[in-house]
Amino acid sequence: MAPASSGTLAFVESPVQLLNVLEWAHVAAHDMTDVTVVVLSPRDPMSRGQLRRMAELARDEGCAVRWEDAREGAGAPLRTVGGLATALRRAERVVIGDPFSRYVQLLLTLVRASALVVVDDGTATMEFAGQLARGERLVRWHRRGSRPGARELLLAPVTTSARRRLAPGPRRTVELFTAMPVAESLPGITVTSNDLTWTRARFGPPRLTRTADLVGTSLVETGVVALEHYLRAVRSLTLDHGATRYFAHRRESTDKLHLLARETGLEIVRPDLPLELIARRGPIGRTILSFPSTVVHTLPRALVGTDVKVAVCDVDPDWLAVDASPRARGFLTGVAETARDVRKLRVMPAA
């Protein structure tokens, strides 16, 4: 594909990021045919599968899609960045889904666009907004408090440059498009609400089942919650609320999911699209149970006007892994407490 000579260039690494590029273009009444989506494909198969399905939807909406196997082999990053350099310099507007991504930060050093848009990347957006407002280095919330490794130190100049690019100035406007709450003041940055209007216009309303569904999380995989406590919490929610299905997060391990199915009797579902679209298409449970995560903010918006109730169960401090980030407890509680139009469940004891 020839590099775009103008228009909008969007970089995504997850299905949710691509969904929110479509949401942003819909809200902005932006010409979809003017948008080129560059997929910086991750390695894990579930994410790749969901991204391919989302890429089909993006093409249906008129977007051009450029798939980059950006992590296949040692030379892939250099080839990918080199192949995108001209398109980056020519783009009038650049949209990114993950400002914490080292890949995206590297690409930002080449950006000359007069407009930069950060679209929703879930709970990470809350941390990004706070760090940007406070002038802190960009680091994911579950790594806060840990010492930077050799790779982070090596890439520190890239991260610093990216943070400067993400600040508005005389020659660049910056927009944050999000469904997540942004408490900090961000002078000069336009904050636009993501109400999932494209999702609601494109899908549904869903058919509802008589039971509850449970949304999985990768808190075990990211080292935040201990596995035994997570299993116990899922079992308790299943029994208390009559859940029958467990929608797996795309980063959950196969071994953990097999263990969950065996110990709880839940049907494990591996969605082929982001959960907001799965829920909107249906069938979906009348109650959706979740731990603190993006979906407790996005599902009530996607399902507005339906009879679906979303409930969030906070994470008990005793569930945290021994080496979890000191920031983890406060951050997860904030995700749960700031969610609107959801039922707050009693925190279950760890034992």
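1. The model is predicted: local features need pLDDT of at least 70, side-chain atom pairs count only at pLDDT 80 or more, and totals for chains, interfaces and linings use all residues. Residues are numbered from 1 along each chain as its sequence is written, and side-chain values use heavy atoms, with hydrogens and water left out.

2. Across the whole structure, the search finds 15 salt bridges (a side-chain nitrogen of Lys or Arg within 4 Å of a carboxyl oxygen of Asp or Glu).

3. E72 is in the loop between β3 (64-68) and α3 (76-90), whereas R48 belongs to helix α2 (residues 45-60); the two are 24 residues apart. Helices (H or I, at least four residues) and strands (E, at least two) are DSSP runs, numbered from the N terminus. R48 is buried, at 19% relative accessibility, while E72 is partly exposed, at 42%. Buried means under 20% relative accessible area, exposed over 50%, and partly exposed in between (1.4 Å probe, protein chains only).

4. E221 and K256 also form a salt bridge, at 3.1 Å from N to O. E221 lies in the loop between β8 (212-215) and α9 (227-241) and K256 in helix α10 (residues 254-264), so this pair ties together parts 35 residues apart in sequence. K256 is buried, with 4% relative accessibility; E221 is partly exposed, with 31%.

5. In the salt bridge between R281 and D272, the closest N and O atoms are 3.7 Å apart. R281 is partly exposed at 36% relative accessibility, and D272 is partly exposed at 33%.
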